[in-house]
Amino acid sequence: MENLSAEAQFAKLGLTLPPAPKPLGVYKPYLIDGKYLYLSGHGPVNDDKSLIIGRIGADMDQEQGKLAARQVGLTMLSTIKTNLGTLNRVKRVIKVLGMVNCTPDFEKHPFIINGCSELFAQIWGEENGIGTRSAVGFGSLPDNIPVEIEAMFELHE
C-alpha cells in the first residue's frame, strides 16, 4: 500500500461520511485519555441521519450486515473527524468490539464485523488499521440496529 495519510487514503476511496451522531443518552461519544481515544458504541448512520435497521438472520442477510458494519465504521470516522479535526490524529487501532443483533442460530459474527475492520485497514493500513477485536452476537440492540461497534485508538503524540 502506498504510504498515504489516513485523510489521503479516505479521499482515494471516494467515500462520504454520515453526520456524526449526537448522544441520545447519558454518555460522551468520545473520550481522550492521554494518547488514547475511546469511542462509545456507534450504530450505522446513513448520510441522511437515518439508521440502518434490522436483525441479521431475520430482516437482512450477512452481506447486508457486513455493509451495515462498514457504515458503522464510517460513522465512527465521522465522529473522529468532527471532534478531532482530522483522521490523521489516529496512529493506530488498538481494539474493536463489534456487537451483532442477530437470530440465535446466526454464527458468522466475525464476518459481519469485518465490514468495519476492513474499512479501518484501508484507512490506516494493515499494520496500524487492524487491532485486537471481539465480535459477538446479541438478542437485540438499541432501536433494532443490526450492528453496534465501540473502539479504542492510539493517537499521535
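**Entry 1: a loop residue**

Is D143 buried or exposed? I looked it up in this model, which is predicted. D143 has a relative accessible area of 54%, so I noted this residue as exposed, since the cut-off for that word is over 50%. I found D143 in the loop between β4 (132–138) and β5. I also checked the backbone: phi of D143 is near 60°, which is a positive value in a residue other than glycine.

Then I turned to N144, whose place is also in the loop between β4 and β5. Phi of N144 is near 65°, again a positive value in a non-glycine residue. How accessible is N144? I read 30% relative accessibility, so N144 goes down as partly exposed.

**Entry 2: two helices that cross**

My next stop was a pair of helices. I reminded myself that two packed helices are described by the angle between their axes and the distance between the axes. I looked up both values for helix α1 (residues 6–13) and helix α3 (residues 109–129): their axes come within 9 Å and cross at roughly 140°. That angle makes α1 oblique to α3; I checked the cut-off, and roughly antiparallel would need an angle over 145 degrees. I wrote down the handedness too: α1 passes α3 in a right-handed crossing.

Which residues make the contact? On the α1 side I listed A6, Q9, F10 and L13, and on the α3 side Q122, I123 and W124. Sorted by class, the contact of α1 with α3 has five nonpolar residues, two polar ones and no charged ones.

**Entry 3: a salt bridge between helices**

Today I went looking for charge pairs. Side chains of opposite charge can pair when their charged atoms come close. How many salt bridges does the structure hold? I counted five salt bridges.

One of them joins the side chains of K81 and E7, with 2.8 Å from N to O. K81 lies in helix α2 (residues 62–84) and E7 in helix α1, so this pair ties together parts that are 74 residues apart in sequence. I compared how open the two partners are to their surroundings. K81 has a relative accessible area of 32% and is therefore partly exposed, whereas E7 counts as buried at 19% relative accessibility. E7 made me check the cut-off, and buried means under 20%.

I picked E154 next and asked: which residues does E154 pair with? I found a salt bridge with K35, in which the closest N and O atoms are 3.4 Å apart. E154 lies in strand β5 (residues 147–155), while K35 lies in the loop between β1 (30–33) and β2 (36–42), so the pair ties together parts that are 119 residues apart in sequence. I noted E154 as buried, with a relative accessible area of 3%, and K35 as partly exposed, at 30% relative accessibility.

E154 also forms a salt bridge with K91, and here the closest N and O atoms are 3.7 Å apart. K91 lies in strand β3 (residues 90–101) and E154 in strand β5, so this pair links parts that are 63 residues apart in sequence. K91 is partly exposed, with a relative accessible area of 36%.

Last, I asked which residues are joined when salt bridges share partners. I wrote down one network, made of K35, K91, R92 and E154.

Key
Residues numbered from 1 in each chain as written. Predicted model: local features only at pLDDT ≥ 70, side-chain atom pairs only at ≥ 80, totals over all residues. Heavy atoms only, no water. Axes fitted to C-alpha atoms, helices over the stretch in contact; angles between N-to-C directions. Helix = DSSP H or I, 4+ residues; strand = E, 2+ residues; numbered from the N terminus. Parallel < 35°, antiparallel > 145°, perpendicular 65-115°, else oblique. Left-handed = near helix turned anticlockwise from the far one by under 90°. Contact = heavy atoms within 4.5 Å. Nonpolar A, V, L, I, M, F, W, Y, C, P; charged D, E, K, R; others polar. Salt bridge = Lys/Arg side-chain N within 4 Å of Asp/Glu carboxyl O. Buried < 20%, exposed > 50% of the residue type's maximum accessible area, 1.4 Å probe, protein only.
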